Structures are given as C-alpha cells and as structure tokens.
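Here are some friendly notes to read with the structure open beside you. Take the points one at a time and look for each residue as it comes up.

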Amino acid sequence: MEDLSHYHHPITDLFPQPKSRQDWDQYRLSKEQIEFFNEQGYLSGIKLLDEKQIEVLKKELEEVADPMHPLHHLFHEFHSNESTDPNTVLFHSLGHWRISKAFHDVIWNPAFLMAAHQLLGGKGVRFWHDQLFCKPAHHGGVVAWHQDYSYWTRTVKMQHLTCWCGLDDATIENGCIYYVPGSHKWGLLQKPALAGQMEGLLQFLTEEQKAAFKPVPVELKAGYATFHHPLMVHGSYENKSNRSRRAFVLNVFADGTVSNTDEELLKGVPIITKGNKMEGQFFPLLFSPNLA
C-alpha cells in the first residue's frame with residue numbers, strides 16, 4: 001500500500017504502450033475532428049476503454065469510494081455527497097490515481113494521450129488532476145453549468161483540456177453531460193457552486209449569451225470519452241433513472257504551464273510558487289511531442 005504518484009509510468013499491463021511512432025497512428029484524430037473541436041469546443045465519441053478495462057476500473061472505483069480505504073488520506077478532495085440538495089447524491093473526488101493501480105494507469109492510456117496531444121495543439125501533455133463523478137440510480141444529483149478553467153485560474157496560461165469518460169452508458173435519462181456549443185469563445189465567466197443550483201451560471205451571462213445558450217446532450221456508450229475546451233460551458237442534470245452513471249475525468253495541461261499562486265494548488269501537494277513550472281511528483285509529463 002503506497003502512494004502511486006511516485007510512479008510516472010504505467011505499473012500494470014492494462015493499457016499496452018506503443019513501441020514506435022507507427023504504433024501511435026491508430027489513435028490519431030483526423031483533421032476534421034480537430035477542426036470540430038476548435039469550432040464547437042468539444043469532441044465526443046472517442047473510444048478509450050475495452051470491456052475488460054471498464055470492469056477493472058469499476059471494481060477499483062468501488063474500492064476507493066470506501067471512506068475506510070487505508071489510503072483515503074491521499075485524496076485531494078473526497079465528497080461522498082457534494083450535492084446541495086439533500087434528496088440527491090453526487091459522489092465527487094480528486095486524487096484516486098494515487099491509490100488505484102487501474103486509475104493510475106488510465107492516465108497513460110495511449111488513446112487518451114494522443115487525442116490530448118493533438119487537441120492541445122501538438123504540445124507536450126502534463127497531468128493536472130483526476131476526478132470521479134458518480135450519480136447513483138434514482139437520486140443522482142446535478143453538476144451545475146460551469147467552465148472548468150474558472151476553478152483553475154491558479155495555473156496559467158490557459159492551455160488546459162478535460163476528458164470525461166463513462167464507466168456506464170451515459171444517457172439523457174441518467175444524467176449525461178451537456179455542452180453549449182461555441183461557448184468556449186465567450187471568455188472567462190464567473191463561477192457558480194459546482195454542485196449547487198443547475199442554472200446558477202445564467203445570472204452571469206449577457207443577453208446575447210443567453211440567446212445562444214442552447215445545450216446539446218452527449219450520450220455515450222461506456223468506455224467512450226468526450227473532450228472539451230477549458231472555457232466550454234457544460235453541466236449535467238439529475239439521474240432519476242434505474243441505472244447508475246459512473247464516470248472519471250482526466251484533466252491535463254500543456255507542458256510549460258506555471259503556477260499562478262503561492263498557495264496550495266491541491267490539498268496535500270507541496271506549494272509551487274507563483275511563476276514556477278508545474279512539474280514534479282504530482283504533475284508528471286505524460287506525453288512528449290517527440291513520440292508523435
């Protein structure tokens with residue numbers, strides 16, 4: 001039982017690693033996919049996991065979600081229920097890559113890394129942090145409309161990327177993610193409470209933005225992912241279905257991003273003073289451009 005953040009490489013064989021540039025080609029996005037991302041702010045339907053990988057991750061999710069787990073203290077955040085509505089539940093955590101071998105290694109999933117590298121403009125990919133978002137059947141809570149970077153201004157410049165991947169099929173009925181296409185061009189908005197009122201962000205929008213506020217649902221089969229820009233407005237509604245909606249999120253930024261604060265970046269992580277590069281034990285380099 002140890003802190004897996006000391007290992008900056010895969011430690012299992014769950015995600016076989018390419019051995020040549022040619023091996024990476026099978027994961028490469030098309031020019032059309034990259035153009036869609038740049039125009040709309042997101043790209044969905046990218047397969048990251050096979051059935052075996054899904055089952056291993058589900059099993060390890062169940063283990064790390066136990067507050068009595070012996071390595072529970074390694075979480076940066078852990079909320080058995082972050083919902084502000086006592087009648088709904090939203091499990092949310094950060095830092096499980098330090099505890100679970102499978103969630104540690106999924107960060108080095110080549111399908112994820114190649115897409116992240118391309119969507120970050122061909123730059124090196126460095127780890128920021130992971131998240132779990134789990135909505136149980138019947139009473140799963142909302143994730144309010146928000147922009148990820150509004151919570152991340154402690155790192156600059158803005159060259160971040162989010163990947164959301166379901167361990168269950170994500171549908172409208174069980175609370176799939178919604179995007180507001182093109183909203184990544186609206187600039188940085190004020191931030192609402194992440195698990196608060198669904199519509200909290202709308203009070204900060206201009207009349208023009210409200211008129212353009214036309215969310216689209218992103219339904220995905222388990223094992224498929226959606227990527228989005230750090231300013232993309234997104235959220236998800238309650239899960240009142242009879243099926244759970246479990247998902248993990250991988251957040252990364254381009255190599256060269258620096259700290260914008262002299263305070264703690266994540267709970268339990270040594271301070272990286274303002275202006276210094278984000279690197280070290282907790283922010284490993286995942287992909288170098290020379291691999292592509």
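1. Let's begin with a pair of histidines: the side chains of H234 and H228 are joined by a polar contact of 3.4 Å. Keep in mind as you look that this is a predicted model.

2. Where does H234 lie? You will find H234 in strand β11, which covers residues 234–236. Is H234 buried or exposed? Its relative accessible area is 5%, so H234 is buried, the cut-off being under 20%.

3. Now look at what surrounds this histidine. Setting aside residues up to four places away in sequence, H234 touches A144, W145, H146 and D148, and also I177, Y178, Y179 and H228.

4. Next, step back to the sheet that holds β11. Four strands make up an open sheet, in the order β5-β11-β8-β9, and their pairing is antiparallel. The edge strands are β5 (143–146) and β9 (216–217), each of which pairs on one side only.

5. Strand β8 spans residues 177–179 and is joined to β9 by two bridges, with the two strands running antiparallel. A handy landmark is Y178, which stands opposite P217 in β9.

6. Strand β10 deserves a visit too. Four of the five residues of β10 are buried, so this strand is mostly covered. Which strands are joined to β10 by bridges? One is β1 (residues 42–47), with five bridges to β10, and another is β7 (residues 160–166), with four. Both β1 and β7 run antiparallel to β10. To find your way, look for K47 opposite Y224 and for C165 opposite A225.

7. T226 counts as buried because its relative accessibility is 0%. Its side chain makes polar contacts with the side chain of S44 at 2.7 Å and with the side chain of Y179 at 3.0 Å. Neighbours within four places in sequence aside, T226 is in contact with residues including Y42, L43, T162, C163, W164, I177, V218 and L220.

8. Finally, the aromatic rings. The count comes to 15 aromatic pairs. The rings of W145 and Y237 have centres 6.0 Å apart and planes at 90°, so this pair is edge-to-face. W145 lies in strand β5, while Y237 lies in the loop between β11 and β12 (245–254), so the pair ties together parts that are 92 residues apart in sequence. How do the two partners compare in accessibility? W145 is buried, with a relative accessible area of 0%, whereas Y237 counts as partly exposed at 33%.

9. One more group to look for: W128, W152, F253 and F283 form one aromatic cluster.

Conventions: Residues are numbered from 1 along each chain as its sequence is written. This is a predicted model: local features need pLDDT of at least 70, side-chain atom pairs count only at pLDDT 80 or more; totals for chains, interfaces and linings use all residues. Side-chain values use heavy atoms; hydrogens and water are left out. Buried means under 20% relative accessible area, exposed over 50%, partly exposed in between (1.4 Å probe, protein chains only). A polar contact is a pair of N or O atoms within 3.5 Å; within protein, one must be able to donate a hydrogen and the other to accept it, and residues adjacent in sequence count only if both atoms are side-chain atoms. Contact means heavy atoms within 4.5 Å. Two strands pair if DSSP finds at least two bridges between them. Rings of Phe, Tyr and Trp (its six-membered ring) pair if their centres lie within 6.5 Å; planes under 30 degrees apart count as stacked, over 60 as edge-to-face and the rest as tilted.
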